Amino acid sequence: MADEPNKNGPVPGARADIDPDFFDYRSLLDKDEQALLADLRAWLTEHLVPIVDDYWARAEFPHQLIPQLAPLDVMGLSLDLPGREPQRRLLSGFASLEFARIDSSFASFYGVHSGLAMGSIYQCGSDEQRDRWLPAMRRLEKIGAFGLTEPHGGSDVAGGLETTARRDGDEWVIDGAKRWIGNGTFADLIVTWAKDVTDGSDGGVRGFVVEKEMPGFSATKMENKMALRITQNADLTLDGVRVPEANRLQNANSFDDTNSILRATRGSVAWSSVGVMTAVYEVAVQYAKDRVQFGRPIGANQLIQDLLARILGNLTASLGMAVRGAQLQDDGVFHDEQGALAKSFCTSRLRECVAWAREILGGNGILLDYGIARHFNDAEALYSYEGTREINTLIVGRAITGLSAFT
Ligand code: FAD
C-alpha cells in the first residue's frame, strides 16, 4: 500500500520559528539598549560558547575572558557612576538574561560582582568609598564578592551571624568563616557581613570591604559541585583580619541594609532563570524539529508539543514578572516580598522547564554536547541561592497574612 501523505508535516503559513520573547518584551527597550544587548550576545557567542562546556566539565573559570569583557562596559549598569548615565533595570535585567542564556555561572559572576558587591558599596558606602572602589570594579580591574552565608548560617543568617567584628581604635578585627562565596577564590574585594561585638555596641550587622591581601584572610575552593561548576565558590576564613575603619561601609548599620541589596539581586536571579529557560527552549524546539522517530519529527507529536508550549508559557510568565519587577525597581517601589516571589516563582518554573527540555532530548538530554545537561544541573543552584524557595515563600506568606512563620 502506498504511503499516506504525512498529515503531520509542516502546515503552510504556520510560524515555524517562534521567538522565545513571545510577547515581545524587548520592544520596551530603546535602540541604544537593544544595541548593547546585541553586542553582549555577539561577544558571548564568540568568546564563551566555544569553551563553556569544557570549562564546566573541568570546573574552572575562564579568567582570560574578564579583560575582554571589560570594554562592553556592562558592570554596575544601573548605578550612577561618573561618565555614564544610570541605565534602567530593564537593561541590566536583559543583560542577566543574555549571560544566563549562554551560561548561568557567568550570569552569577555578573550578579555577584555587579549586583551584590558593587551594589553593596554603592548603596551602603560613603561617597569616598564609592569613588575608591567602583570605577575599578566597573572596568573589571578589581573583582568583587559578597560574603554573607556561613557554615552554620544559610536560611537563618539574618539572626544567626557568627562572624564578629570588634572595633579596636581605627581598625576592626574580624573573626569567622563564610561558605559558598561566589568569585571567592579570586575576588580582590570581599563585601563581608559581620556582627558588631564591640563593648557597648547595639550588636547590629555591619558591612566591611575585606581586601584579599589582608593578613588572616584565606579562601579555599569548594570542590565536587554538580551545578554552576564554572562558578568558583569558596570557603573563606577570617582569622583576626584587621580592617581599617575606612573599609567599613559607612551606611550599613543593620541587617535591613543587607536585605535591601538582596531585594534587588533576587530580581536579577529571576532574569537569569528566564535566560536559562530561553536557552533550553531554543535547543528543545530545534531538536523536536530535527529528531525523527516513527518516520516523522518528534515535534509532530502532541505530547512533545505540549512540553514545548509549557516551556514557552513558563518562560513568558517569568519574563513578564521580571520585566515588571525591573520597572518597579526603577520607580523605587519594589518590595521585599515582590523580589522574593519573583525569585521563588521563576526558579521553580525554571526547574520544570529544564526537566521538560531534557525529556524532549531523550538520552541526549544528559549529554553535555547537546546543550541541555549543563543548564539542567545549573538550575539547581539558581533554585537554592539568594534564599531557597521555602524562605522566599515565607517572606511572601508573611506579606500575605501579616503573620510571620519564621521560626
Ligand atoms: P539551609 O539554610 O541549611 O536550608 C536547608 C533546607 O531547609 C532548605 O531547603 C531550606 O529552604 C529549608 N529551611 C530552612 N529553614 C526553614 C524554615 N524555617 N521553614 C521551611 N524550610 C526551611 N551566599 C553568599 O553569601 N554569597 C554568595 O556568593 C553565595 N553564592 C552561592 C552560590 C551557590 C552555587 C550556592 C548553592 C549558594 C550560594 N550562597 C551564597 C549561599 C546561599 O544563599 C545559601 O545556600 C542559601 O541561602 C540556603 O542556605 P543553606 O544552603 O545553608 O541551606
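Ala, Val, Leu, Ile, Met, Phe, Trp, Tyr, Cys and Pro count here as nonpolar, Asp, Glu, Lys and Arg as charged, and the others, Gly among them, as polar. On that basis, the shell around the ligand in this predicted model splits into 9 nonpolar, 8 polar and 2 charged residues. Phe-146, Thr-149, Ser-155, Thr-388 and Glu-390 come nearest among the 19 residues around the ligand.

As for where the ligand sits, the space it takes up is the largest pocket. Shell residues come from both domain 2 (145-247) and domain 3 (255-401), so the ligand lies between the two.

Thr-149 has a side-chain N or O atom 2.6 Å from a nitrogen atom of the ligand. In the case of Thr-388, a side-chain N or O atom sits 2.6 Å from a ligand oxygen atom. Taken on its own, the ligand has 980 Å² of accessible area, and the protein covers 67% of that.

Conventions
Residues numbered from 1 in each chain as written. Predicted model: local features only at pLDDT ≥ 70, side-chain atom pairs only at ≥ 80, totals over all residues. Heavy atoms only, no water. Near = heavy atom within 4 Å. Polar contact = N/O pair within 3.5 Å; in protein donor to acceptor, adjacent residues only side chain to side chain. Areas by Shrake-Rupley, 256 points an atom, 1.4 Å probe, with all protein chains shown as cover. 1 Å grid on protein atoms, 1.4 Å probe; cavity = no way out; pocket = protein on both sides within 12 Å on 5 of 7 lines; lining within 4 Å. Sits in = over half its atoms within 2 Å of the grid points. Domains from an automatic or database assignment.
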